[in-house]
Amino acid sequence: MEEFRLQKFLAHSGVASRRSAEEIIASGRVFVNGKRVTDPATKVTARDKVTVDGKTVTVTRTKTYIIMNKPLGVLSSASDDRGRKCVVDLVDLEDVRLYPVGRLDYDTQGIILLTDDGDFMQRITHPKYEMVKTYEALVKGEPEEEDLQKLRTGIELDDGMTLPAKADVVKFNGPNAVVKIEIREGRNRQVRRMLEAIGFPVLKLKRTAIGGLELGNLRPGMWRQLKHRDFEALFGKQEAKKLKFG
Ligand code: URA
């Protein structure tokens with residue numbers, strides 16, 4: 001049976017973040033099999049009875065799933081040999097080796113997921129699942145319906161035709177416009193290339209949702225662990241139940 005450090009056990013049980021778990025343990029609120037424990041490195045398994053403030057705590061997940069608002073100027077990688085800041089550096093969890101799920105450009109802000117679960121990663125990124133990604137792009141110029149129609153039917157890029165996308169102008173902003181675009185692929189710099197191809201270069205790009213999971217009011221650089229309802233937003237209720245992620 002898998003053994004966890006107590007601190008990790010509490011973090012996985014959803015009681016606390018790793019850091020506050022350490023504080024909770026140090027303050028003497030945690031008992032293991034009836035004995036007060038204050039050392040966060042104490043090893044426990046799912047068979048041990050762990051209580052916090054008298055309430056029994058159970059591990060509900062062993063993998064880690066994170067939603068982050070990637071800031072501009074941060075790489076969506078696990079590491080960089082040139083020493084640039086990576087999304088993984090922004091997450092202060094111990095004992096977990098996280099990887100970004102898919103990529104966002106250095107100069108793109110917005111929702112990105114991180115995990116140590118390879119199956120989850122596949123389920124989001126494999127092209128056969130056509131996971132929808134939603135972006136808001138500030139573009140130079142004011143696209144008309146006939147321009148957007150090209151994105152809706154699919155356009156030829158240098159790496160082939162794009163799948164039909166949803167595209168609408170959501171705001172006119174002086175000589176510029178904000179285009180909301182939903183794509184079901186994940187090619188390199190795809191949104192920038194699509195909008196450039198119809199004559200509207202991207203000035204700013206933000207990813208606002210993956211599937212039905214929205215960035216919401218998470219500020220740039222902030223992150224949180226996914227909750228049950230987030231898995232439902234990603235995959236739909238039925239599918240989330242079947243997949244048993246988390
Ligand atoms: N499309 C882009 O052009 N850039 C991103 O970061 C993501 C999608």
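How many residue pairs in polar contact, both at pLDDT 80 or more, are there between domain 1 and domain 2? The count is 0, where a polar contact is a pair of N or O atoms within 3.5 Å (within protein, one must be able to donate a hydrogen and the other to accept it, and residues adjacent in sequence count only if both atoms are side-chain atoms).

Before you click on: this is a predicted model, in which local features need pLDDT of at least 70, side-chain atom pairs count only at pLDDT 80 or more, and totals for chains, interfaces and linings use all residues. Numbering runs from 1 along each chain as its sequence is written, and side-chain values use heavy atoms, with hydrogens and water left out.

**Stop 1: the domains.** Colour 4-57 as domain 1, 65-128 plus 213-243 as domain 2, and 132-210 as domain 3; these bounds come from an automatic or database domain assignment. The C-alpha centres of domains 1 and 2 are 26 Å apart.

**Stop 2: where domain 1 meets domain 2.** Here 5 residues of domain 1 are in contact with 5 residues of domain 2 (heavy atoms within 4.5 Å). Together the two domains bury about 520 Å², with 34% of it on carbon and sulfur atoms; that is the accessible area (1.4 Å probe) lost on putting the parts together, summed over both. Now select α1 (6-12) and α2 (18-26): each supplies at least two residues of the domain 1 side. Helices here are DSSP runs (H or I, at least four residues) and strands likewise (E, at least two), numbered from the N terminus.

**Stop 3: the ligand.** Show what surrounds it: Leu-104, Asp-105, Thr-108, Tyr-135, Arg-189, Gln-190, Val-191, Arg-192 and Leu-205, each with a heavy atom within 4 Å. Zoom in on Thr-108, where a polar side-chain atom sits 3.0 Å from a ligand oxygen. Then try the backbone: a polar atom of Gln-190 is 3.4 Å from an oxygen of the ligand, and one of Arg-192 is 3.0 Å from a ligand oxygen.

**Stop 4: two loops.** Most residues other than glycine have a negative phi. Pick Asp-53, in the loop between β5 (50-52) and β6 (55-57): its phi is positive, about 55°. Last, go to Glu-130, between α3 (118-125) and β10 (133-140), with a positive phi near 45°.
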